[in-house]
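Here is a short report for a reader meeting this structure for the first time. Please keep the sequence and the model in view as you read.

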Amino acid sequence: MTEKHVLVADDDNDIRDLLGTIFEEAGFRVSQAKNGAEVLSQVGKLKDDLNLIMMDVRMPDTDGLTVLKQLQDAKNTIPVIIMTAYGASSIAIKATQQGAYDYITKPFSDPDEVIHTVNRLFEHQKLAEEVAELKTRMNSDPADKIIGNSGPMQDIYKMVGKIASSDATVLINGETGTGKELIANVIHSTSRYARGPLVKVNCAALPETLLESELFGHEMGAFTGAAKMRKGRFEMADKGSIFLDEVGEMTLSTQRKLLRVLQERTVDRLGGTMPVKIDVRVISATNRELQQEIEAGKFRSDLFFRLNVIPIRMPPLRERKDDIPLLVEHFLDKHRFTPTSAPARISLEAMQSLDNYDWPGNVRELENTIQRAVVDARGGTITSQNLTLSGKRERANLSGGNAFYIDQLVNSRINLNQAASNFESMMILEALRQSSDDEEAAAELLGISPKDLHERIRKSRVS
């Protein structure tokens, strides 16, 4: 690992020497500055070779907060930790608001706490770099492109970034169509197993006997029709990853054999006598709640704990609706009417329809909906008439009382214009009630002129 370089800035020689000793004993390189001008000079000289600035707030000529602001204005990306006197909490808060990573108080009661704060910064920095690298890798391959900037998706990116260098098994849980396989692709491509294959098995698509043969392989003559030895998917995935999709569909018998593979890191081919060693990253996925399956006696608890070392929950689309515009834009570009067509456009009212829909089929349903709509609109502008939405439509911004009122109007088959007229009359009556029949005050409540209100009252014959 590259040696980290820290700039210690304080006008007190003893503090600088103390911190220099603490950092050097912890394996860091140290430079020093005794005032704000020297900090700026050192940053100019060492910018590409400096990993941290540890700076006191009170220094001669230029205080630490002013230097911090100058560094921010110069687009400096070197993290800064501020040092403050004990009890100067307001200054510490102001420093963090202005962009300092953290602060520590003087005098230093525990040198280890100083190193802990600095190491925490570098760990945070490393994680941020891994997430950025992960997103770059994901965007470099259209097949592995994950769309979404919502809070739930940011959490997914961070989690995948954390486990990229780990060998631990991963269990991805989520409803159908949320992108579990896509995440499995990314986990594999960012792990040390990326040079090996990613072998995928749909556990729900095969009966028990065929699934065991697919997973573990068989020797020649192991069963009727086994004319030659065949490697299973685990052996095929050696030095790579295996993705067990819909793992909750396995029978208890197959679960028991899978548990042995995970425990022993060996595979017993059907009809074989010698175990075969494997080095495989196991990623599994399910749309079932496995804890409930365990309680029902349909899934082994010991296997669950083996698979669930790193759990990842894929959020349904209804929990990340902020991502719908980005997803729509992506699918419009992906599913053009003809290969040479420009991407179709979508109207605001159609986008609102998509936002008000509950998406039981999640992202997969959204993609299919957009693809159908592009064809229906012949590559032109998509309107609500081009959308086929079979699930529930949510009532955005309607309280229970308003929703009930709308139901009554629709069920009574009232004309839309008449309904609007009725609603206007109700508002006028309520405004008059609240203003004790003062038309000028009622008009102000309604945001119209008294003359306009009088004319509306005359037309609707409410008085």
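## Salt bridges across the chain

A salt bridge is a side-chain nitrogen of Lys or Arg within 4 Å of a carboxyl oxygen of Asp or Glu. Side chains of opposite charge can pair when their charged atoms come close. The model discussed here is predicted. By this rule it holds 25 salt bridges.

Take Glu3 and Arg29. They form a salt bridge, with the closest N and O atoms 3.4 Å apart. Glu3 lies in the segment before strand E1 (5-9) and Arg29 in strand E2 (residues 29-33), so the pair ties together parts that are 26 residues apart in sequence. Are these two residues buried, exposed or partly exposed? Glu3 has a relative accessible area of 39%, so Glu3 is partly exposed. Arg29 has 31% relative accessibility and also counts as partly exposed.

## More charged pairs

Lys106 and Asp10 form another salt bridge, with the closest N and O atoms 2.9 Å apart. This pair links distant parts of the chain. Lys106 is in strand E5 (residues 102-106), and Asp10 is in the loop between E1 and helix H1 (13-25). The two are 96 residues apart. Lys106 and Asp10 are both buried.

Arg300 and Asp302 also meet through their side chains, in a salt bridge of 2.8 Å, N to O. Arg300 is partly exposed, at 27% relative accessibility. Asp302 is partly exposed too, with a relative accessible area of 31%. Elsewhere, salt bridges join Asp167, Arg192, Lys239 and Asp279 into a network.

## The protein as a whole

How many helices and strands does the protein have? There are 19 helices and 16 strands. The protein has 463 residues, and 42% of them are buried. Among contacts with a separation of 6 or more, 68% are between residues 24 or more positions apart. The protein exposes about 25,500 Å². Carbon and sulfur atoms supply 50% of that area.

## The largest nonpolar core

The largest nonpolar core has 27 residues. Which members touch the most others? They are Leu215, Phe234, Ile242, Leu244, Met250, Leu258 and Val282. Six elements each supply at least two residues of this core: strand E7 (198-202), helix H8 (208-216), strand E10 (241-245), helix H10 (252-264), helix H11 (290-295) and helix H12 (301-307). H10 gives the most, with 4 residues.

Met250 shows the packing in detail. Leaving aside neighbours within four places in sequence, Met250 is in contact with Cys203, Leu211, Leu215, Leu244, Gln255 and Leu258.

## One side of helix H13

Helix H13 spans residues 324-334. Its buried residues include Ile324, Leu327, Val328, Phe331 and Leu332. Why do they lie on the same side of H13? They cover an arc of only 135° around the axis, which puts them on the same side. An α-helix has 3.6 residues a turn, so residues three or four places apart point the same way.

What do the buried residues of H13 pack against? Their partners are strand E15 (345-346), helix H14 (348-355), helix H15 (362-376) and strand E16 (381-382).

## Two buried loop residues

Where is Met59? Met59 sits in the loop between strand E3 (52-56) and helix H3 (64-73). At 9% relative accessibility, Met59 counts as buried. Met59 and Ala9 are 50 residues apart in sequence, and their C-alpha atoms are 8.6 Å apart in space. Beyond four places in sequence, Met59 contacts Ala9, Asp10, Asp11, Asn35, Gly36, Val39 and Gly64. One of these, Asp10, is the salt-bridge partner of Lys106.

Ser191 is in the loop between helix H7 (180-189) and E7. Its relative accessible area is 8%, so Ser191 is buried. Not counting residues up to four places away in sequence, Ser191 touches Ala164, Ser241 and Arg281.

Which residues make the nonpolar surface patch of about 290 Å²? Phe423, Met426 and Met427 do. Phe423 belongs to helix H17 (residues 416-434). With a relative accessible area of 43%, Phe423 is partly exposed.

Methods: Residues are numbered from 1 along each chain as its sequence is written. This is a predicted model: local features need pLDDT of at least 70, side-chain atom pairs count only at pLDDT 80 or more; totals for chains, interfaces and linings use all residues. Side-chain values use heavy atoms; hydrogens and water are left out. A nonpolar core is a set of buried Ala, Val, Leu, Ile, Met, Phe, Trp, Tyr and Cys residues joined through side-chain atoms within 4.5 Å. Buried means under 20% relative accessible area, exposed over 50%, partly exposed in between (1.4 Å probe, protein chains only). Contact means heavy atoms within 4.5 Å. Patches are made of residues with over 30% relative accessible area and no salt bridge: like charges are joined within 9 Å, nonpolar side chains (Val, Leu, Ile, Met, Phe, Trp, Tyr) within 5 Å. Accessible areas come from the Shrake-Rupley method with a 1.4 Å probe; for residues, only the protein chains shown count as cover. The arc is that of the directions from the helix axis to the C-beta atoms.
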